[in-house]
Amino acid sequence: MVKLITRRLAVLPLILLAVATVTFALTEISPFDPVEAYVGAENNVSAERKAEIAHAWGFDQPVYEKFGRWIYNLAQGDMGNSIVAGGQPVAGEIASRASASIALVGGALALVLAGGLVFGVLAAAFRGTLFDWLVRTLCYFNTAAPSFWIGLLALYVFSIELGWLPAGGTSDPRAVEAGGVDLEHLILPMVILALTQYAWFTLFVRNTMLEILREDHVQFARAQGIGELAVLLRYALPNALIPFVTLIGTHLAELIGGTILIESIFGWPGLGLLALDAARSEDIPMIVGITLCASVLVVLGNLLADVTYRIIDPRVREATT
Amino acid sequence: MTSLLEVEDLSVGFRTRRGVVHALSHASVTIRPGELLLVVGESGSGKTVLAHTLLALLPRNVDVSGSVRLGGQELLDLPPAELRRVRGRRMALIPQSPASSLNPVRKLGGQLLEAARARGLREKQARTRLRELLAELGLDLEFIGGRYVHQLSGGMQQRVVNAMALVGEPDIVIADEPTSGLDADLVDATAAQLREISARGASLLVITHDLRLAERLAGRLALLYASRIVEVGPTMSFFAGPAHPYGRELLRALPEREGKSIPGLAPELTALPGHCAFADRCPDRFDRCGESIPDLYPAPDGVLARCFVHAER
Amino acid sequence: MSASSGALRSSLNIGARRSQRLAQAMQRWPVSVRVAAGVLGVLVVVALLANVIVPLDDTAVDLDRVLDGPSAAHLMGTDEVGRDLFARVLHGFRISLTIAVLAALAAVTVGTLVGVLAGTMGGKVDALVMRVTDVFASQNHFLFGILLLVLFRPALGGAGAVMLAVGLTHWPSLARIVRGELMSLRERPFVSAAIGGGASRWRLARRHYLPHLMPAVGLAFVLTVPHAVFHESAYSFLGLGLPAHEASLGNILADGQRSLLAGGWWIALFPGLAILTAAMTIGTLAEYWREHLHPRWRSELEL
């Protein structure tokens, strides 16, 4: 287990290097002009001034030198300076916005797991009934409906028409930055973000459960007169949890991507909103920085899933120790 | 002598996209207390369906008609809660493959205890009972209980499964293909285990396609072909000389005899013929065989055979 | 003369046989698939004929009719400057679907080319290409797409950048399938016999590889279209895709967000329903196709 974790963590810098290389190559290939983005709307900037800026930022250096410096800085945790953060370092701005996103993604993940398990297991237990049909239809609808559209409708219904929940933002940005939880403002974005992955999980749990319920050991448990509820919860569910856990890692990336739209609709001051602001201001260092952070999170999420997988599956656990 | 299990006119059909698969047609057998009955047939002849019908393990897309009585009590229309009390307690299953019949991600101790408690035993009773039973089978509850199924040898897995079947002291034990997936040299050991279970006083219903296993177990034998029982009688007289041409050809096909396989194929279960199902492959076929389905006619030595050859006597 | 008419007749026969086969296949379709095919067919025809049904007139601003709810005159109501929403949604559907189809084509082209490159070259090229594929596969489509949009929008324009963003993010799963298929094909007796018999690369590709790859590529295309519709509308909604004056579904949804506080729920509702309908119908058809085509791809073609 320790071996697995250290091996995976050792590969992490390599993955980051690969992502950094690909993003660097894309910025080099593209005709995008970072100086234009930096000076932005000020169109009275002279050519000399632009050259000065380019020189100061190192844009006029040869490609290999730029790449070397980029990787060198990255290795020291320096992802460059951000336009939207007023020229401050990217890393610091990301760190100060992270806690809001962690609360949002963490809450959504908890909702997805709980909802997916409960409804997936129930749908499998009552397969072929109206309840099962309802769960599957809603899931199907859910996968096809764009999350931001559902977010808009929810915003209209719950905030504007009914006035149950605040329309967006947070009443206390400083508290959120410091890791506080502003539940009233968090509920809507959290639920909508959870909905983006909920259908997938529920259907997955349902189908895995149905497969396991057909297996020999479940039949044998039934043949011994063990009740259907016990068969469901003690014989089928533990086995269904194993593939379920491996999904969390992969779907973490989807949740992180989903924050951009959700935070934009609800004005939640996390990394998604930061990425959107950066995109609107053509702040490449910031977008690349967030992309790199997302890559780290995905690797860590997969690692966490693998570790959990090994803890709960005795067959794999034995093979790795 | 009264019979323990009476199966009467049992038919099982699966509704599928290709039509109704007639897995079992009008089957009638009885088992007396302590008796051993072998149900023999090729794969697809309906023998596993018989076991699953008795234990109510059939899927939902199935039509069952006829009657199954255990000690005089009708099982087919029993509500689930009462059926659960019959399953396991009075009737127990030894499944086909022990390795896949135990939950792979739970320790065996919990599964053994749960099996015992499902038979109405209290925690403490269950432990003592399991400890005794496993000791008789040469296993230690503490050793087994802390392990997962993949950590045991095939022989140990088999004994754990046997213990789970026997813990409720059932009246009848159903062994489903006990030699499937086993090497030929393990057939003797399996036969010995089954005889031991039989010696405990329980009736034993052995479902098998393995004629070598059947030969090593005495008792009575029912031969299935294309969803019907075609011959039923003492196992000894079957091996001395089957009354039905299918049984005779089956024995001749054994490698240690002539090793000559029967030409042709068994009919599709979705399209069973309206005449003797074996007629097309039968060397003794005469006109009548292609006209109607024969009944079970009495043959010598207390045997019943579904063949017109015996109709005249 | 007679030869060409014979060829024509035989090609007509083939056409007739094909449509006959299609008709036979359609009789086996479950009701849900038939409904999906019908609805999608109507949607596509309506989208294609959008200019005939309701010509879009961006200048038809009617300040007396700002934010009117759905009515007989305006089926889906009017927007914040009094334009007919029905016309805008219809045209938006045409624009979004066109971009989505082209974007999905781009993705499928990249995926196929990368897969063929890795699958036929093998060795170090294969290893390098697949590592790059892993990097792309591990990225979140949406976030990575935004990076591409920002980098390439000034040069390619909104529509072009959206196609690029979808095309460069949605290819890894197809590339892996194509590579795997090629690898396993080479082991198959009839292909290795053809290789041994000295068949040219071109002949191999045409006779053996392409016919085997086409179903996977076609299915990947169909499965990508709904994703592309989502991405286009989401990017435009955020103001990163098509220019705001274009009536794409995403831009109309952005209008809808602005009108929510004024109570104009219909502006957000209808374009979303259009996306939902497109995604559900295409999804149903693709799912049916996938199940019948190749059960193994069920899990691999998760885009």
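This is a predicted model: local features need pLDDT of at least 70, side-chain atom pairs count only at pLDDT 80 or more; totals for chains, interfaces and linings use all residues.

Trainee: Why does B:Asp9 count as exposed?

Mentor: B:Asp9 has 11 C-beta neighbours inside 10 Å, and the limit for exposed is 12 or fewer, so B:Asp9 is exposed. B:Asp9 sits in strand E1 (residues 5-16) of chain B. Strands (E, at least two residues) and helices (H or I, at least four) are DSSP runs, numbered from the N terminus.

Trainee: What is the phi of B:Asp9?

Mentor: Phi of B:Asp9 is near 55 degrees, a positive value in a residue other than glycine. Most residues other than glycine have a negative phi. B:Asp301 also has a positive phi, near 65 degrees.

Trainee: Why is B:Asp301 called partly exposed?

Mentor: B:Asp301 has 13 other C-beta atoms within 10 Å. B:Asp301 lies in the loop between strand E11 (297-299) and strand E12 (303-305) of chain B.

Trainee: What makes E11(B) and E12(B) a pair?

Mentor: Two strands pair if DSSP finds at least two bridges between them. E11(B) and E12(B) share three bridges in the antiparallel sense, so they meet the condition. B:Ala299 stands opposite B:Val303 in E12(B).

Trainee: Which order do the strands of the open sheet follow in chain B?

Mentor: Eight strands of chain B run in the order E6-E7-E8-E3-E9-E10-E12-E11, with mixed pairing. Strand E6 (91-94) and E11 are at the edges because each has a single partner strand, which leaves one side of each without a neighbour in the sheet.

Trainee: Which residues touch the most other members of the largest nonpolar core?

Mentor: They are A:Ala275, A:Ile287 and B:Ile174, in a core of 257 residues. A nonpolar core is a set of buried Ala, Val, Leu, Ile, Met, Phe, Trp, Tyr and Cys residues joined through C-beta atoms within 7 Å. The residues touched by B:Ile174, leaving out those up to four places away in sequence, include B:Ala51, B:Met91 and B:Ile207.

Trainee: How do you know which chains touch?

Mentor: Two residues are in contact if their C-beta atoms, placed from the backbone, lie within 7 Å. No contact joins chain B and chain C, and their closest C-alpha atoms are 12 Å apart. Of the two pairs of chains that touch, A and C have the most contacts. Between chains A and B, 18 residues of chain A are in contact with 24 of chain B. H10(A) supplies the largest share of that side of chain A, six residues.

Trainee: How do H10(A) and H11(A) pack?

Mentor: Their axes are 10 Å apart, at an angle of about 150 degrees. Axes are lines fitted to C-alpha atoms, for helices over the stretch in contact, and angles run from 0 to 180 degrees between N-to-C directions. Among the residues that meet are A:Val218 and A:Ala221 in H10(A) and A:Val231 and A:Tyr235 in H11(A). By class, the contact has five nonpolar, one polar and one charged residues. Here Ala, Val, Leu, Ile, Met, Phe, Trp, Tyr, Cys and Pro are nonpolar, Asp, Glu, Lys and Arg charged, and the others, Gly among them, polar.

Trainee: How many helices and strands does chain C have?

Mentor: Chain C has twelve helices and zero strands. Of its 303 residues, 43% count as buried.

Trainee: Is C:Gly123 buried or exposed?

Mentor: C:Gly123 has 8 C-beta neighbours inside 10 Å, so it falls within the limit of 12 or fewer and is exposed. C:Gly123 lies in helix H5 (residues 123-138) of chain C. C:Gly123 and C:Ala274 are 151 residues apart in sequence and 47 Å apart in space, C-alpha to C-alpha.

How values were computed. Residues are numbered from 1 along each chain as its sequence is written. Chains are lettered from A and ligands numbered from 1 in the order in which they are written. A residue is buried if 20 or more other C-beta atoms lie within 10 Å of its own, exposed if 12 or fewer, and partly exposed in between; C-beta atoms are placed from the backbone.
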